[in-house]
Amino acid sequence: MHIALLSRNRRLYSTRRLIEAAEQRGHTTRVVDTLRCYMSIASHQPSIHYKGEQLEPFDAVIPRIGASITFYGCAVLRQFEMMNIPVLNDSVSITRSRDKLRSLQLLSRKGIGLPVTGFAHSPDDIPDLITMVRGAPLVIKLLEGTQGIGVVLAETNQAAESVIQAFMGMKANIMVQEYIKEAKGADIRCLVIGDKVVAAMKRQAAEGEFRSNLHRGGSASVIRITPEERSTAIRAAKAMGLRVAGVDLLRSNHGPVIMEVNSSPGLQGIETATGKDIAGLIIEHLEKSSTPRRKAPPKPKG
């Protein structure tokens with residue numbers, strides 16, 4: 001196959017590993033900077049242009065679209081879809097997962113475990129919002145935040161009111177969630193490919209920190225997950241429509257609860273922690289889902 005890898009930086013670990021894995025399996029790849037793509041939107045011959053030339057035909061597309069360019073990145077990916085080129089994760093699924101509030105509403109509809117979450121617009125509703133999520137300590141999250149940025153732990157109701165008021169005063173969209181104290185600053189990242197969890201790691205927050213993101217100094221280690229956790233992760237990825245996803249969950253007293261479903265999970269942490277060739281498994285899945293099946297010959301009559 002000739003694969004387009006939508007990435008803004010070919011030196012990133014995940015991008016490099018996907019190139020290596022594709023080449024090891026006999027494929028060719030081209031790294032395409034998403035923001036340098038521009039589109040001709042026509043009824044019969046939609047096309048994508050790149051640095052002054054029309055992009056060559058591809059057999060498949062792997063999107064590695066950062067959160068800061070979701071809108072434009074999904075527009076580019078949608079254009080590939082209009083050209084009937086198979087994509088690893090489609091634009092609708094990525095858009096769903098990037099909207100934190102929408103994704104939780106979709107997971108809720110499917111009956112998947114979640115922390116109690118509140119969302120409001122008026123400052124007059126703040127006291128009831130805090131009560132709704134069982135009071136402090138509680139977590140306040142910016143809907144546009146990534147990698148733990150814009151996530152605040154409020155230890156008291158008074159502190160929670162002050163932080164929420166401040167965010168609302170800045171016209172920022174936030175949600176408020178119950179704090180899962182029993183998780184003890186740890187979460188579990190499940191890497192889902194197709195209908196399987198192919199790897200899982202525990203991410204432990206650094207001392208004095210409650211966010212377990214590796215970008216925030218958290219540590220990663222391999223972990224054995226329960227059948228319920230495995231099922232929850234797979235169901236969460238399917239609810240988003242993602243074929244490859246990083247599903248983050250917490251162990252709570254009432255079972256696994258989903259924190260986030262990531263459409264472009266980083267590979268470095270989980271490959272290092274588990275020793276598994278995740279990039280190779282992604283390329284293998286792409287092969288199976290992108291190669292057209294040959295029709296079986298007709299059965300002889302009589």
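## Close-up views of the predicted model

**View 1. Valine 61 is in contact with Ala4, Leu6, Leu77, Phe80, Ile85, Pro86, Val87 and Leu88, leaving aside its neighbours within four places in sequence.** Contact here means heavy atoms within 4.5 Å. Valine 61 is found in strand β6, residues 60-63; strands (E, at least two residues) and helices (H or I, at least four) are DSSP runs, numbered from the N terminus. Valine 61 counts as buried because its relative accessibility is 0%. For this and later views, buried means under 20% relative accessible area, exposed means over 50%, and partly exposed is in between, with a 1.4 Å probe and protein chains only. Threonine 29 is 32 residues away along the chain, and its C-alpha atom is separated from that of valine 61 by 9.5 Å.

A word on reading all the views: this is a predicted model, in which local features need pLDDT of at least 70 and side-chain atom pairs count only at pLDDT 80 or more, while totals for chains, interfaces and linings use all residues. Residues are numbered from 1 along each chain as its sequence is written, and side-chain values use heavy atoms, with hydrogens and water left out.

View 2. Aspartate 248 sits in strand β14, residues 244-252, and glutamate 260 in strand β15, residues 255-262. Aspartate 248 is buried, because its relative accessible area is 5%, whereas glutamate 260 counts as partly exposed at 32%. Not counting residues up to four places away in sequence, glutamate 260 touches Lys100, Gly246, Val247 and Asp248. With its neighbours within four places left aside, aspartate 248 has contacts that include Asp187, Arg189, Arg203 and Glu260. Look for the link between the side chains of aspartate 248 and arginine 189, a polar contact of 2.4 Å. A polar contact is a pair of N or O atoms within 3.5 Å; within protein, one must be able to donate a hydrogen and the other to accept it, and residues adjacent in sequence count only if both atoms are side-chain atoms.

**View 3. Helix α4, residues 100-109, has buried residues Lys100, Leu101, Ser103, Leu104, Leu106 and Leu107.** The elements covering these buried residues include α3 (91-98), β7 (117-118), β8 (138-142), β10 (174-178), α7 (227-240) and β15. Just after α4, glycine 111 takes a positive phi of about 75°.

View 4. In the loop between α5 (126-132) and β8 lies proline 137, which is joined to alanine 136 by a cis peptide bond with omega of about 0°. Arginine 134 is exposed, because its relative accessible area is 57%.

View 5. Two strands pair if DSSP finds at least two bridges between them; β3 and β4 (residues 47-50) pair over four bridges. To find your bearings, note methionine 39 standing opposite isoleucine 48 in β4.

**View 6. Helix α9, residues 278-290, has 13 residues.** From its first C-alpha to its last, α9 reaches 18 Å, close to the 18 Å expected; the expected span is 1.5 Å times one less than the number of residues. Its buried residues include Ile278, Ile282, His285, Leu286, Glu287 and Ser290.
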